[in-house]
Amino acid sequence: ETHEVPEASAATVGLRTVEVFNRTTDRDVVLFATNFRVRATRLLGSMLVQDFHEQDLEPWLREGGCPWLLGASREQDLAHAVSTHVVLGPKNRLVLAPLQGADP
């Protein structure tokens, strides 16, 4: 999933593009059911990479009213939700902005 950040909100989130890949490391495949690697390009061109697993995503989805997105059949929807809610957080880390309602 690749998400181009709209120009109007790019300055707000500090990112230009966000890509979500469905694989991290071989070790993670054994340890976790959900393995997303998120690569984001900052406005000035540098890249940030961060891995997200179910223990990162489950509280975020529960708070947003969308815990069903962790279901195996909803992987594309989850990737889309992640790609459209990743923002630049403290210490140049990628964080997930709160979901608004049950339809990410």
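## A walk through the fold

Starting from the N terminus, the elements of this protein run β-α-β-α-β-β-α-α-β-β. That makes four helices and six strands, where helices (H or I, at least four residues) and strands (E, at least two) are DSSP runs, numbered from the N terminus. Keep in mind that this is a predicted model, in which local features need pLDDT of at least 70 and side-chain atom pairs count only at pLDDT 80 or more, while totals for chains, interfaces and linings use all residues. Residues are numbered from 1 along each chain as its sequence is written, and side-chain values use heavy atoms, with hydrogens and water left out.

Now for the overall numbers. Of the 104 residues, 38% count as buried; here buried means under 20% relative accessible area, exposed means over 50%, and partly exposed is in between (1.4 Å probe, protein chains only). The accessible surface comes to about 6100 Å², and 53% of that belongs to carbon and sulfur atoms. These areas come from the Shrake-Rupley method with a 1.4 Å probe, and for residues only the protein chains shown count as cover. If you take contacts (heavy atoms within 4.5 Å) between residues at least 6 apart in sequence, 42% of them join residues at least 24 apart.

Phe21 has Arg37 in β3 as its bridge partner. On to β4: β3 and β4 run antiparallel too, joined by seven bridges, and Phe36 stands opposite Phe52 in β4. The two strands form a hairpin with four residues between them, and Gly45 in the turn has a positive phi of about 105°. Leu43 also lies in the loop between β3 and β4. At 41% relative accessibility, Leu43 counts as partly exposed. Its C-alpha atom is separated by 5.3 Å from that of Arg16, 27 residues apart along the chain.

Next comes helix α3 (residues 54-63), where Leu57, Trp60 and Leu61 are buried. They sit on the same side of α3 because they cover an arc of only 100° around the axis, the arc being that of the directions from the helix axis to the C-beta atoms. The buried residues of α3 pack against β3 (35-42), β4 (47-53), α4 (75-85) and β6 (94-96). Just after α3, Gly65 takes a positive phi of about 75°.

One last stop in α4 is His85. At 14% relative accessibility, His85 counts as buried, and its side chain reaches the backbone oxygen of Ala81 at 2.8 Å.

Key
Polar contact = N/O pair within 3.5 Å; in protein donor to acceptor, adjacent residues only side chain to side chain. Pairing = 2+ DSSP bridges.
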